[in-house]
Amino acid sequence: MENKDKYHVQILYTQIDRHEDNSPVFRQFSYGLDDEKYFYPASTVKLPIAVLALEWLESQDVRGLSKESMMVVDSVRASQISAFIDSTSFSLMPSVGHYIKKILLVSDNDAYNRLYELLGQDYINERMKEIGLANTVINHRLSLPMSAEENRHFNPIRFLDFEGELILDLPARETSNVYANKVKPAIGKAYYNSGELVNEPMDFTFKNKYALSDFHGTVMRLVFPGNFEDTERFRISEESRKFLLKYMSMLPGESDYPSYELPEYYDSYSKFFKFGRDKNPIPGQFRIFNKTGMAYGHLLDGAYFVDFENGVEFFVSAVIYVNENETLNDNQYEYDEVAFPFYEELGEYLYQLERNRVKVRKPVFDSIRMDYP
């Protein structure tokens with residue numbers, strides 16, 4: 001906070017109290033919040049893509065189509081990549097459900113790209129605006145060197161049943177709409193492009209945007225949809241909502257398919273608040289329903305934080321930018337020195353604040369207690 005301009009810190013924190021019927025009431029606090037101020041959202045954009053993929057599936061009303069249906073992605077352009085199998089799946093075949101698991105467990109980039117290709121930019125951006133998350137622009141795949149034009153083309157996709165019979169066939173699609181950041185944001189003083197140093201700020205006009213209030217609002221809509229108007233909710237079934245919450249809160253080592261093992265995938269691999277980079281197991285009393293992101297010196301986390309044992313619950317979302325030399329793509333970012341300690345300390349501070357805060361009623365957590373394999 002002594003260097004808030006340098007680190008571009010934004011924080012949203014929501015206290016939760018409970019009525020007699022256990023329904024929640026919110027009180028929100030913010031620090032440095034500015035929905036117009038651009039930061040790169042990194043992998044946090046995968047959360048709305050996962051939600052919207054389930055929403056899209058349910059809207060199709062096609063017999064036999066579900067999140068378990070085999071999803072085969074083809075390619076018709078030189079820049080596109082096909083996907084016919086998935087070795088991490090029990091069936092060895094990709095599906096929407098399996099891609100969502102990979103997104104929420106370890107933030108898999110390819111899984112996000114496949115769901116982005118399924119939905120297309122129009123559906124994604126229009127739906128986010130319709131439900132009141134209007135400070136979002138999602139317009140590109142991740143970790144693929146594609147132009148803005150190529151990212152407006154979407155692969156052909158087929159859904160098959162377990163007998164290999166066709167359920168739904170989507171042709172290659174494209175959009176003529178251009179989704180871009182109107183403020184034409186630029187970050188840093190220099191950046192590397194294909195190994196060459198470019199001595200000017202990096203242009204993020206055609207990069208994703210996901211304002212912190214939209215990120216925070218997405219998590220809140222998933223945990224407590226009843227606190228939002230019908231027009232502000234995602235159109236997903238209760239089964240789909242519970243599926244998302246389960247894998248948002250599951251630890252990598254608790255998953256069988258896909259399987260993620262130690263030492264690479266420790267408990268706090270994608271749980272930054274309070275636990276930072278601690279490699280020790282997270283105590284069983286805690287569950288964190290969240291999504292994280294890390295790229296271009298930005299570190300982000302948005303979470304519903306729960307301590308079942310002590311009746312603690314709160315929402316918190318934050319972003320911090322750590323790039324001392326203001327050069328992008330040089331892999332010289334102060335994540336370990338500054339960013340992860342920031343999340344560890346902020347999470348611990350809010351946790352202790354909530355644990356000591358006097359509440360009239362303790363929450364009943366029955367609706368979010370999950371069984372993890």
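Visitor: Where does Thr-327 lie?

Guide: This is a predicted model, in which local features need pLDDT of at least 70, side-chain atom pairs count only at pLDDT 80 or more, and totals for chains, interfaces and linings use all residues. Residues are numbered from 1 along each chain as its sequence is written, and side-chain values use heavy atoms, with hydrogens and water left out. Strands are DSSP runs of E with at least two residues, and helices are runs of H or I with at least four, numbered from the N terminus. Thr-327 belongs to residues 327-328, which form strand β17.

Visitor: Is Thr-327 buried or exposed?

Guide: Buried means under 20% relative accessible area, exposed over 50%, and partly exposed in between, with a 1.4 Å probe and protein chains only. Because its relative accessibility is 12%, Thr-327 counts as buried.

Visitor: In the open sheet of three strands, which strands stand at the edges, and why?

Guide: The order of this sheet is β3-β6-β7, with antiparallel pairing; two strands pair if DSSP finds at least two bridges between them. One side of each edge strand is left without a neighbour in the sheet, because each has a single partner strand; these are β3 (70-73) and β7 (166-170).

Visitor: Which residue of β7 is the bridge partner of Ile-157?

Guide: Strand β6 covers residues 157-160 and pairs with β7 over four bridges in the antiparallel sense. The partner of Ile-157 in β7 is Leu-170.

Visitor: How many residues has the largest nonpolar core?

Guide: A nonpolar core is a set of buried Ala, Val, Leu, Ile, Met, Phe, Trp, Tyr and Cys residues joined through side-chain atoms within 4.5 Å. Leu-118 and Phe-159 are among the residues with the most contacts inside the largest one, and Leu-118 touches residues including Ile-157, Phe-159 and Leu-170. The number of residues in this core is 113.

Visitor: What angle does the direction of helix α5 make with that of β16?

Guide: An open sheet of five strands has antiparallel pairing in the order β2-β1-β16-β15-β14. Helix α5 (residues 212-223) packs on this sheet and touches β1, β2, β14, β15 and β16. Axes are lines fitted to C-alpha atoms, for helices over the stretch in contact, and angles run from 0 to 180 degrees between N-to-C directions. The angle is about 155 degrees.

Terms used: Contact = heavy atoms within 4.5 Å. Lists of a residue's contacts leave out its neighbours within four places in sequence.
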